[in-house]
Amino acid sequence: MQKTSLDPNHLTLDGLSVYFGSDKGSIKHNYIKHYEKIISKLLQGRSRQDAQLTIGEIGILKGASIKMWHHYMPKSIIYCWDIDPSSVAAVKNVPNCISSI
């Protein structure tokens, strides 16, 4: 049986959280339900893929949440900070991410 690849661009925010291993989804803290309410108000009916919002994230760890946000709203800018240089390095290839120590 051939394995099909999963396209993260078609997942929900919770699905992306699980896919990338973020602690923000329903498997751990379940913050996603709150984020989705806030984001839907900010989008005002616009497509999340076309939205150009600014997101801030303090604490990068391995970059799972940053990758989640990147795939959920690829045209938005994600600012992220961490005190650990290796955490900042973990998201250096995320195109719409600006990271700093």
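1. Let me start with a pair of residues: E57 and K24 are both buried. Keep in mind that this is a predicted model. For K24 the relative accessibility is 11%, and it counts as buried because the cut-off is under 20%.

2. Those two residues also pair up. E57 and K24 form a salt bridge, with 3.0 Å between the closest N and O atoms. E57 belongs to strand 1 (residues 54-58) while K24 sits in the loop between helix 1 and helix 2, so this pair ties together parts that are 33 residues apart in sequence.

3. K24 has another partner as well. What is the distance between the closest N and O atoms of D23 and K24? For that salt bridge it comes out at 3.6 Å. D23 is partly exposed, at a relative accessible area of 33%, whereas K24 counts as buried. Put together, D23, K24 and E57 are linked in a network of salt bridges.

4. How many salt bridges does the structure hold? The count is 3, and one of them joins the side chains of K75 and D50, at 3.4 Å from N to O. K75 is in the loop between helix 3 and strand 2 (77-81), and D50 is in the loop between helix 2 and strand 1, so here the pair ties together parts that are 25 residues apart in sequence. On accessibility, K75 is partly exposed with a relative accessible area of 46%, and D50 counts as partly exposed at 47%.

5. On to the helices. Two packed helices are described by the angle between their axes and the distance between the axes. For helix 1 (residues 13-20) and helix 2 (residues 32-43), the axes come within 9 Å and cross at roughly 135 degrees. These two helices are therefore oblique to each other, since an angle has to be over 145 degrees to count as roughly antiparallel. The crossing of helix 1 and helix 2 is right-handed.

6. Which residues meet where helix 1 and helix 2 touch? From helix 1 there are L13, D14 and S17, and from helix 2 there are I32, Y35, E36 and I39. By class, this contact of helix 1 with helix 2 divides into 4 nonpolar, 1 polar and 2 charged residues.

7. Helix 1 packs against helix 3 (residues 64-72) too: their axes come within 9 Å and cross at roughly 140 degrees. That angle makes helix 1 oblique to helix 3. The crossing of helix 1 and helix 3 is right-handed. On the helix 1 side the contact is made by L13, L16, S17 and F20, and on the helix 3 side by A64, K67, M68, W69, H71 and Y72. This contact of helix 1 with helix 3 has 7 nonpolar, 2 polar and 1 charged residues.

8. Finally, have a look at I27. Is I27 buried or exposed? At 68% relative accessibility, I27 counts as exposed, because the cut-off is over 50%. I27 has its place in the loop between helix 1 and helix 2. I27 and T12 are 15 residues apart along the chain, and their C-alpha atoms are separated by 14 Å.

Methods:
Residues are numbered from 1 along each chain as its sequence is written. This is a predicted model: local features need pLDDT of at least 70, side-chain atom pairs count only at pLDDT 80 or more; totals for chains, interfaces and linings use all residues. Side-chain values use heavy atoms; hydrogens and water are left out. Axes are lines fitted to C-alpha atoms, for helices over the stretch in contact, and angles run from 0 to 180 degrees between N-to-C directions. Helices (H or I, at least four residues) and strands (E, at least two) are DSSP runs, numbered from the N terminus. Angles under 35 degrees count as roughly parallel, over 145 as roughly antiparallel, 65 to 115 as roughly perpendicular and the rest as oblique. A crossing is left-handed if the near helix is turned anticlockwise from the far one by less than a right angle, and right-handed if clockwise. Contact means heavy atoms within 4.5 Å. Ala, Val, Leu, Ile, Met, Phe, Trp, Tyr, Cys and Pro count as nonpolar, Asp, Glu, Lys and Arg as charged, and the others, Gly among them, as polar. A salt bridge is a side-chain nitrogen of Lys or Arg within 4 Å of a carboxyl oxygen of Asp or Glu. Buried means under 20% relative accessible area, exposed over 50%, partly exposed in between (1.4 Å probe, protein chains only).
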